[in-house]
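Please consult the sequence and the structure alongside the text.

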Amino acid sequence: LCCEGMETASHIFFECSFARKIWFSVLELFCVQYLFQDIFSFFHYPLQQGFGTQVQLLWWGMIGVGFYSIWHARNTVRFHVEVVSINYVVRSIKCQHLEIDSFNFGCMKNSVEELCILHSIGVCGRPTKAPKIIEVLWCSPSQSWIKVNTDGAARSSPRVAAFGGIF
């Protein structure tokens, strides 16, 4: 595609300037501004970020469609001697994203970040259902007792955590 370097799988899909421009354009939809160093990091990214299943499935679909589209462009150039534009390939990937989402699998995590990603791709978010609400009543302790109420929260352990209590 770029006519530079030996045509290996690594070069065709990651090192080729044509492929890099496609990945940058598509990753920008997911608010990612860099390319991944290896295929494992590429596939593992949505899990590391803690995305909901809707964004995860769109991410993995994007990877599959991206590989297919780059390979198809390579074969078109090589065997049909036609020019393929980067914009055409990126538009094709975006259209196929809409098809992937039409299967209605997965839910988004109800976050602004995921909503922005889904709007960037052009799909509607499917929010998670509200949790079941259970009424809880507080009872004052017996006269000789001291009651301690505590609560805590953690996000992506071992990162940010907090706790608190009241007597």
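The points below proceed from the overall architecture to individual residues.

The model is predicted. The protein contains 6 helices and 2 strands, and a search of the whole structure returns 3 salt bridges.

**Architecture and overall shape**

- Read from the N terminus, the order of the elements is α-α-α-α-α-α-β-β.
- The radius of gyration is 23 Å, well over the 15 Å given by the globule rule for 167 residues, so the protein is more spread out than a compact globule.
- Along the principal axes, the C-alpha atoms occupy a box of roughly 90 × 30 × 20 Å.
- Of the contacts between residues at least 6 apart in sequence, 52% join residues at least 24 apart.

**Burial, surface and charge**

- Of the 167 residues in the protein, 31% are buried.
- The accessible surface amounts to about 11,800 Å², and 61% of this surface belongs to carbon and sulfur atoms.
- The protein carries 13 positive and 12 negative side chains. The centres of these two sets lie 4 Å apart.

**The salt-bridge network at Glu7**

- Side chains of opposite charge can pair when their charged atoms come close.
- Glu7, Arg74 and Arg78 are linked in a network of salt bridges.
- Another bridge joins the side chains of Arg78 and Glu7, at 2.5 Å from N to O. This pair also links distant parts of the chain, as Arg78 is in helix α4 and Glu7 in the segment before α1, 71 residues apart.
- Glu7 is partly exposed, with a relative accessible area of 40%. Arg78 likewise counts as partly exposed, at 46% relative accessibility. Arg74, by contrast, counts as buried at 9%, because its value is under the 20% cut-off for burial.

**The salt bridge between Asp101 and Arg126**

- Asp101 forms a salt bridge with Arg126, and the closest N and O atoms are 3.2 Å apart.
- The two residues come from distant parts of the chain: Asp101 is in helix α5 (residues 86-101), whereas Arg126 is in the loop between α6 (112-121) and β1 (149-154), 25 residues apart.
- Asp101 counts as buried, at 10% relative accessibility. Arg126 counts as buried as well, at 17% relative accessibility.

- Lys147 is located in the loop between α6 and β1.
- The relative accessible area of Lys147 is 31%, and the residue is partly exposed.
- When neighbours within four places in sequence are left aside, Lys147 is in contact with Trp138, Cys139, Pro141, Ile166 and Phe167.
- Lys147 and Ile166 are 19 residues apart in sequence, and their C-alpha atoms are 8.3 Å apart in space.

Key
Residues numbered from 1 in each chain as written. Predicted model: local features only at pLDDT ≥ 70, side-chain atom pairs only at ≥ 80, totals over all residues. Heavy atoms only, no water. Helix = DSSP H or I, 4+ residues; strand = E, 2+ residues; numbered from the N terminus. Rg over C-alpha atoms; globule rule 2.2 N^0.38 Å. Buried < 20%, exposed > 50% of the residue type's maximum accessible area, 1.4 Å probe, protein only. Contact = heavy atoms within 4.5 Å. Areas by Shrake-Rupley, 256 points an atom, 1.4 Å probe, with all protein chains shown as cover. Lys, Arg positive; Asp, Glu negative; His and termini not counted. Charge placed at Lys NZ, Arg CZ, Asp CG, Glu CD. Salt bridge = Lys/Arg side-chain N within 4 Å of Asp/Glu carboxyl O.
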